[in-house]
Amino acid sequence: MGGSVDPKNGQLPDPQRIATYSLSPNRQRPFAGAAHAAIFNTFRRFRHQVLYVVPPFVVAYAAMEWAIERNHYLNSKPGRLEAGHEE
């Protein structure tokens, strides 16, 4: 094969090496068991964090309920009489 390589005229270079690619078995299913692990991991994380998150919300809810109830009382007739506001 003399001359230059010219793909238009049908003169192609001889392949030097042929590369083959493959995946290892542990890379072929990257999400194998992901749904199962996600369910149990979420439950585990929730179980470990619930005592850090829930008590402030319970305290805030109790405080808001008390404040709403107190506000309704102070704006009622007996509440106004107790506070000393005259109409």
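I'll start with residues 50-68: this stretch is 100% helix and 0% strand, and its end C-alpha atoms lie 27 Å apart. Keep in mind that we are looking at a predicted model. Why this stretch? UniProt lists residues 50-68 as "transmembrane region", and the entry is an unreviewed one.

Now the helix called H1, which covers residues 34-74. How does the span of H1 compare with what its 41 residues should give? At 1.5 Å a residue we expect 60 Å, and the end C-alpha atoms are 56 Å apart, so the two agree. H1 does have a bend, of about 50°, at Gln49.

Next, the surface. Tyr52, Val53, Val54, Phe57 and Val58 form a nonpolar patch there. Together these five residues have about 530 Å² of accessible area. One of them, Val58, is found in H1.

Last, the whole chain. The protein chain has two helices and zero strands. Its radius of gyration is 38 Å, while the globule rule gives 12 Å for 87 residues, so the chain is more spread out than a compact globule. The C-alpha trace spans about 115 × 35 × 15 Å along its principal axes.

Conventions. Residues numbered from 1 in each chain as written. Predicted model: local features only at pLDDT ≥ 70, side-chain atom pairs only at ≥ 80, totals over all residues. Heavy atoms only, no water. Patch = residues over 30% accessible without salt bridge, like charges linked within 9 Å, V, L, I, M, F, W, Y side chains within 5 Å. Areas by Shrake-Rupley, 256 points an atom, 1.4 Å probe, with all protein chains shown as cover. Salt bridge = Lys/Arg side-chain N within 4 Å of Asp/Glu carboxyl O. Helix = DSSP H or I, 4+ residues; strand = E, 2+ residues; numbered from the N terminus. UniProt positions renumbered as here; feature names shortened; annotations may be inferred. Expected span 1.5 Å × (residues − 1). Bend = angle between axes of the 7 residues up to and from the residue. Rg over C-alpha atoms; globule rule 2.2 N^0.38 Å.
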